[in-house]
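Dear colleague,

I am handing over the structure we spoke about, together with some notes on what was found in it. Please read them with the structure open beside you.

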Amino acid sequence: MITLNINGQEMPVEASPETPLLWVLRDTLQLTGTKYGCGMSLCGACTVHMDGKAVRSCVTPVSAAADAKIQTIEGVGEGAAGKAVQQAWEQLDVVQCGYCQSGQIMSAVALLEDNRVPSDADIDEAMGGNVCRCATYVRIRAAIHEAAKSLA
């Protein structure tokens, strides 16, 4: 048995230590906001925060998360940066198909937690591992700037 701290709650789970965190979140805990994309840490759809850093849950073994604080898209709106990003996403109508957006939002929040005034280059670097098949990159960048402005 492994106990995970997810969105501020202790959650015991029965899982093999090498099980990807993504499957524990989605299948065991029914936190389905985190998406499966490529399964190889290439697309960013599965991004969650581990101790405040964006990680790809599809390649993170659940054993690595046992002593960490995990935040998912279901809990990201509890913080100021998460709330600002979610509001900017809605205000600028960023989403098209929406599949990658939970991962995009998680990466954007991690960026703004470390850098409240990101440049376009900072955004491009931080978001470079998140792929959007609808190519909403211009609106994502604008939303991150809008969220940063609201946090100032």
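The largest nonpolar core has 22 residues, of which Val 85, Trp 89, Ile 105, Leu 112 and Ile 144 touch the most other members. Please bear in mind throughout that this is a predicted model. Two or more residues of this core come from each of helix H2 (80–91), helix H3 (101–114), helix H4 (120–127) and helix H5 (137–151). When residues up to four places away in sequence are left out of the count, Val 85 is in touch with Ile 105, Ala 108, Val 109, Leu 112 and Ala 147. Another core, made of 16 residues and including Leu 4, Met 11, Leu 31 and Val 62, lies apart from that one.

The structure also holds one aromatic pair. The ring centres of Trp 23 and Tyr 36 are 5.2 Å apart and the planes stand at 35°, so the pair counts as tilted. This pair links distant parts of the chain, with Trp 23 in helix H1 (residues 21–28) and Tyr 36, 13 residues apart from it, in the loop between H1 and E3. Trp 23 is partly exposed, at 30% relative accessibility, and Tyr 36 is likewise partly exposed, with a relative accessible area of 35%.

With best wishes

How values were computed: Residues numbered from 1 in each chain as written. Predicted model: local features only at pLDDT ≥ 70, side-chain atom pairs only at ≥ 80, totals over all residues. Heavy atoms only, no water. Phe/Tyr/Trp six-rings, centres within 6.5 Å; stacked < 30°, edge-to-face > 60°. Helix = DSSP H or I, 4+ residues; strand = E, 2+ residues; numbered from the N terminus. Buried < 20%, exposed > 50% of the residue type's maximum accessible area, 1.4 Å probe, protein only. Core = buried A, V, L, I, M, F, W, Y, C linked by side-chain atoms within 4.5 Å. Contact = heavy atoms within 4.5 Å.
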